[in-house]
Amino acid sequence: MGTIGNMLRGKQIHRTLNDNICVHISYCQALNAKMYALNILRGTPEESFLRLPIYCYSLEKKNLGTITYIKTSDDKKFEYLFMAIGCAVRVFQRCLHPIIINDGAKLKGKYFDTIFIAVGMDGNNQILPIAFGVGKTESGESWIWFLSRLKECIGDMPSLAIISDRANSIEIVIQSVFPNAYHELCCRHLLMNMRTKIDKQERTKILFWEDAKEYQDSDFKESLSRLCRALNDDCQTWQRQNW
């Protein structure tokens with residue numbers, strides 16, 4: 001049951017037991033069995049939260065330059081976690097372009113907290129995780145706590161650029177915590193937003209990514225012209241007014 005609980009979703013466990021083993025259980029029973037098996041294998045979420053201080057202490061002791069923070073409420077309940085591994089921070093500061101990509105996503109499990117992440121990219125477009133955080137929601141308060149801790153790790157880097165999604169809370173916080181940083185939006189989020197307003201044509205998607213991957217100003221403008229022509233008259237009017 002431990003292997004099934006680790007590898008399969010509740011619906012898959014339900015179907016496997018019913019079809020292959022002829023054990024007829026409900027979906028809720030299958031999901032509860034999975035969670036019970038995971039608690040045996042990994043411990044309960046509550047036990048994991050209690051071990052966070054020991055885990056963070058061990059990270060800092062065994063990894064030079066690692067920084068961790070745990071914030072709790074007045075009644076000692078968990079609120080935020082931040083960790084940045086020292087070697088990753090040093091690689092980012094010394095070897096990579098000063099570009100940080102931020103994002104947040106909901107965690108699965110008993111507690112639906114949000115994970116925050118800041119990563120860099122090397123010359124081969126490979127991702128370097130710089131810092132992680134956990135908070136209750138993807139709100140401005142959570143982002144300002146996470147990015148403030150991140151700034152303590154990397155300092156004021158000249159020519160820093162930060163890429164994020166279109167969340168207004170992130171934009172406001174970046175202006176507050178990194179006032180001198182250049183802030184732009186993730187191309188994937190821009191494409192998703194654009195595709196809600198136009199027909200979902202594969203040709204448009206190809207032209208968009210060709211434009212996003214142009215690194216010379218002249219090539220970018222030429223590629224953007226092709227994209228504007230493929231969209232509609234409003235885009236071409238915008239292009240004429242802004243160039």
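Q: What do buried, exposed and partly exposed stand for?
A: Buried means under 20% relative accessible area, exposed means over 50%, and partly exposed is what lies in between, with a 1.4 Å probe and protein chains only. By this reading lysine 76, with a relative accessible area of 71%, is exposed. This is a predicted model, in which local features need pLDDT of at least 70 and side-chain atom pairs count only at pLDDT 80 or more, while totals for chains, interfaces and linings use all residues. Residues are numbered from 1 along each chain as its sequence is written, and side-chain values use heavy atoms, with hydrogens and water left out.

Q: Where is lysine 76 found?
A: Helices (H or I, at least four residues) and strands (E, at least two) are DSSP runs, numbered from the N terminus. Lysine 76 is in the loop between strand E1 (67-72) and strand E2 (78-84), and its phi is near 70 degrees, a positive value in a residue other than glycine.

Q: Which residues of the largest nonpolar core touch the most other members?
A: A nonpolar core is a set of buried Ala, Val, Leu, Ile, Met, Phe, Trp, Tyr and Cys residues joined through side-chain atoms within 4.5 Å. In soluble globular proteins, nonpolar side chains tend to be buried together. Here the largest such core has 29 residues, and Phe92, Leu147, Leu150, Ile154 and Leu160 touch the most other members. Helix H7 gives the most to this core, with 7 residues.

Q: How many aromatic pairs are there?
A: Rings of Phe, Tyr and Trp (its six-membered ring) pair if their centres lie within 6.5 Å; planes under 30 degrees apart count as stacked, over 60 as edge-to-face and the rest as tilted. The count by this rule is 7 aromatic pairs. One of them joins tyrosine 69 and phenylalanine 82, a tilted pair at 6.3 Å centre to centre with 50 degrees between the planes. Tyrosine 69 is partly exposed at 29% relative accessibility, whereas phenylalanine 82 is buried, with a relative accessible area of 0%.

Q: Which ring does the charged end of arginine 149 sit over?
A: A charge sits over a ring if NZ of Lys or CZ of Arg is within 6 Å of the ring centre and within 35 degrees of the ring normal. The charged end of arginine 149 sits over the ring of tryptophan 145, 5.3 Å from its centre. Arginine 149, placed in helix H7, is buried, with a relative accessible area of 16%.
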